[in-house]
Amino acid sequence: MTPLEAILHRRIAAEGPMSIAEYMAMCLLHPEHGYYTTRDPLGRGGDFTTAPEISQMFGEMLGLALAQCWLDQGQPSSFVLAELGAGRGTLMTDATRAMASVPGLLEAAQLHLVEASPALKTAQAQALAALSPTFHDSVETLPEAPLFLVANEFFDALPIRQFLRSGDGWSERVIGVSDGALAFGLTDPAPVAALEHRSGDTVEGDLVETCAPATGIIAEIGRRIAGHGGAALVIDYGSSRSLGDTFQAVRRHEKVSPLEAPGEADLTAHVDFGALAAAAPCEATDDVPQGVFLERLGITARAHALAARLSGGALDSHVAAHRRLTHPQEMGSLFRTLGLFPAGTPVPPGLAE
Ligand code: SAH
């Protein structure tokens, strides 16, 4: 039993079964035993690899997309450049290197990072020392200013709840203990106000996921973008509408049961981009496949330019990285991009219909 598993068993014995959201929050962010609290999970020696860790081109494309939004909105002379869950700081390092080619842009930017993991905060502070980042525990404390923000594989880490359609109501999927082990169970069906809009497009037995922290964060970001200007690019795996169980655990690059080794595996769920767009008090794009988005931004021209300086194994892995980021059978389709922007300004590049 992991130390966190013992804590979970005691909690359930005292208070009864817990929601998947409570379980995810404890597994990922428990102050002593949480997954993100205790480690840097990224990379080959870790549990999973993300797009910015695959190739510098990913961060470069996103940085230039935000730069275009800044130009389109009249080059505000002072703005917040923000990232949610910046991992090792790789995306922002690549993004700002590319953004430096736009005169005046970085001089106007103050870098703000929202990060929960002490281990990754240290990595980000080192990687981005030249830009003197300010750290935040939540988006609420970001300064009130034009906000140009990026979040890659952040929203999938936020705690979800699962509900099974049962008659006109919903049974919540919860986690209890059965025969001495953590096990899923269901509550009695009841109406769920947050799912009223799903009564028409679901039937008995359908499972739907909600993520209140995600819609709360989007509402806060969207308010700032509507009020002060700016743009947000949200990249993650997911779809336009939640349907079915997407709660998953990954450990050392393999899928495992989400109830196995709590605190030692990464827990995620697919992002419901439709719910995010509906929660935004500013304009929101449809979710565009990552491969389409990156192609429209010119990743292939960039790949050719970089390839000209490479040969042998380095060239092979560069070509493989381009394919991995863009091909529909790799990350190109499952990963999607949502853009937020103020009414009356151009749609962020790569995301227009
Ligand atoms: N964006 C990075 C890292 C993705 S991993 C990349 O693409 O490589 C998820 C990131 O979100 C980590 O930095 C993790 O510590 C952070 N994170 C997860 N839950 C969080 C929360 N509730 N608040 C702030 N940061 C969180």
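Visitor: How far is the sulfur of Cys282 from the closest cysteine sulfur?
Guide: This is a predicted model, and in it the closest cysteine sulfur to that of Cys282 belongs to Cys69, at 12 Å. That is too far for a bond, because a disulfide needs the two sulfur atoms within 2.5 Å.

Visitor: Is Cys282 buried or exposed?
Guide: Cys282 counts as buried, because its relative accessibility is 13% and the limit for buried is under 20%.

Visitor: How many disulfides turn up in the whole structure?
Guide: A search of the whole structure gives 0 disulfides. Cys27, for one, is in no disulfide, and its nearest cysteine sulfur is that of Cys211, 15 Å away.

Visitor: And what is the relative accessible area of Cys27?
Guide: The figure for Cys27 is 0%, so Cys27 is buried.

Visitor: Changing topic to rings. How many aromatic pairs are there?
Guide: The whole structure has 5 aromatic pairs. One of them joins Trp70 and Phe79, with ring centres 6.1 Å apart.

Visitor: Why is the pair of Trp70 and Phe79 called tilted?
Guide: The planes of Trp70 and Phe79 are at 45 degrees, so the pair is tilted. Stacked would need planes under 30 degrees apart, and edge-to-face over 60. Both Trp70 and Phe79 are buried.

Visitor: What does Phe79 do with Phe148?
Guide: Phe79 and Phe148 form an edge-to-face pair, with 5.1 Å between centres and 75 degrees between planes. The pair links distant parts of the chain, 69 residues apart: Phe79 is in strand β2 (residues 79-84) and Phe148 is in strand β5 (residues 147-152). Phe148 is buried, as is Phe79.

Visitor: Which residues do the ring pairs link into a cluster?
Guide: The cluster consists of Trp70, Phe79 and Phe148.

Visitor: Which ring does the charged end of Arg173 sit over?
Guide: The charged end of Arg173 sits over the ring of Phe184, 3.8 Å from the ring centre. Likewise, Arg165 has its charged end over the ring of Trp170, at 5.8 Å from the centre.

Visitor: Now His136. Where does it lie, and what is it in contact with?
Guide: His136 is in strand β4 (residues 134-136). Setting aside neighbours within four places in sequence, His136 contacts His112, Leu113, Val114 and Glu115, plus Thr141, Leu142 and Pro143. With a relative accessible area of 8%, His136 is buried.

Visitor: Helices next. At what angle do α11 and α13 cross?
Guide: The axes of α11 (residues 290-297) and α13 (residues 312-326) cross at roughly 120 degrees and come within 7 Å. The two helices are therefore oblique to each other.

Visitor: Which residues make that contact?
Guide: Helix α11 supplies Gln290, Gly291, Leu294 and Glu295, and helix α13 supplies His322, Leu325 and Thr326.

Visitor: Last topic, the loop between α3 and α4. Is Arg44 buried or exposed?
Guide: Arg44 lies in that loop and counts as exposed, at 83% relative accessibility. Not counting residues up to four places away in sequence, Arg44 touches Thr49 and His253.

Visitor: How many residues apart are Arg44 and His253 in sequence?
Guide: Arg44 and His253 are 209 residues apart in sequence, while their C-alpha atoms are 8.3 Å apart in space.

Visitor: What about Thr50: buried or exposed?
Guide: Thr50 is in the loop between α3 (35-38) and α4 (51-54) too, but counts as buried at 7% relative accessibility. Leaving aside neighbours within four places in sequence, Thr50 contacts Leu42, Asn152 and Glu153.

Note on methods
Residues numbered from 1 in each chain as written. Predicted model: local features only at pLDDT ≥ 70, side-chain atom pairs only at ≥ 80, totals over all residues. Heavy atoms only, no water. Buried < 20%, exposed > 50% of the residue type's maximum accessible area, 1.4 Å probe, protein only. Phe/Tyr/Trp six-rings, centres within 6.5 Å; stacked < 30°, edge-to-face > 60°. Helix = DSSP H or I, 4+ residues; strand = E, 2+ residues; numbered from the N terminus. Lys NZ or Arg CZ within 6 Å of the ring centre and 35° of its normal. Contact = heavy atoms within 4.5 Å. Axes fitted to C-alpha atoms, helices over the stretch in contact; angles between N-to-C directions. Parallel < 35°, antiparallel > 145°, perpendicular 65-115°, else oblique.
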